[in-house]
Amino acid sequence: MHNHLKNTYLRHLKDFTLIGLGIVSACFGLKSFLMPSEFIDGGVTGISLLISTLTGFKLSYLILLINIPFVILGYSQIGKAFAIKTALAIVVLAVFLIILPFQPVTHDKLLIAFFGGLFLGGGIGLAMRGGCVIDGTEVLALYISKNSMLTVGNIILILNIIIFGVAAIFLDIETAMYAILTYLSASKTIDFVVNGLEQYIGVTIISEKKEDIKLFLINDMKRGVTIYKGEGGYGEKKEIDILYTVVTKLEMGKLQNEIRQLDPDAFIVQQQISDLKGGVVKRHALH
């Protein structure tokens, strides 16, 4: 019981530390880069920046007001803990935008677009690692995707195209183009922070040399292997063993080369895995 409470405490401490760092990073990206030059980003933050630029309304208030529906939506779609964390994080971000004395770092538009997106995306990613969001776009996209044929990625893309289109009309084309650069920088940073450098690849292998490939994976690459029993459906029907393993993206080239040497006719299917728990992949260093 004591260990359980300790683990719970440490987990909450880690989450709030990540969220706190994320808020500071996002605040720095906004106050030191995007806001002084009236640049915008995608998502709810981009909408807030756009309205602030057009009306002069304070960004901190807009972030609070515009995110309220998404916090409510997050409560119904994801859960109470997520909604509470998200609400607190957004309130703290709004307060920090008022009180933290961050100053503009550069006036170079390209640097503003890149580093503004970098710090804002890093902040959003850290908050997501801590179990909440400081930009409600993903919550809206998740809700719409459940009630339509569109994926979350497609919905976010459509929303951002609308935002950049409005920016091009009411601001100017150049600002909209820089906004796209900011968005690309932010989205890539979010991917890196959330998924990490070691992106994992699930690999399905069908080969006549299955035993040799299995031994290579276990002995040389120190990776676990799961064997499925299957039946060929093309031509002659026969039982086959299907190997499944998970490796890091950096190891994929080595595995492919070895499989091609052992069996040039091997059938290989790869799929990207965003996160991994348990198993032996994280317990062994890369070779």
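Predicted model: local features only at pLDDT ≥ 70, side-chain atom pairs only at ≥ 80, totals over all residues.
D15 belongs to helix α1, which covers residues 2-34, while K85 belongs to helix α4, residues 80-99, so the bridge ties together parts that are 70 residues apart in sequence. Both D15 and K85 are buried.

As background, side chains of opposite charge can pair when their charged atoms come close. In this model, taking a limit of 4 Å between the nitrogen and the carboxyl oxygen, the count comes to five salt bridges, and I will go through some of them.

Next is E174, which forms a salt bridge with K109, with the closest N and O atoms 2.8 Å apart. This pair also links distant parts of the chain, since E174 sits in helix α8 (residues 173-195) and K109 in helix α5 (residues 109-129), 65 residues apart. Are these two residues buried or partly exposed? E174 has a relative accessibility of 42% and therefore counts as partly exposed, and K109, with a relative accessible area of 39%, is partly exposed as well.

Finally, the side chains of K214 and E211 meet in a salt bridge, at 3.4 Å from N to O. Here K214 and E211 both lie in helix α9, residues 210-220, and they are three residues apart, which is about one turn of the helix. E211, at 42% relative accessibility, counts as partly exposed.

Notes
Residues numbered from 1 in each chain as written. Heavy atoms only, no water. Helix = DSSP H or I, 4+ residues; strand = E, 2+ residues; numbered from the N terminus. Buried < 20%, exposed > 50% of the residue type's maximum accessible area, 1.4 Å probe, protein only.
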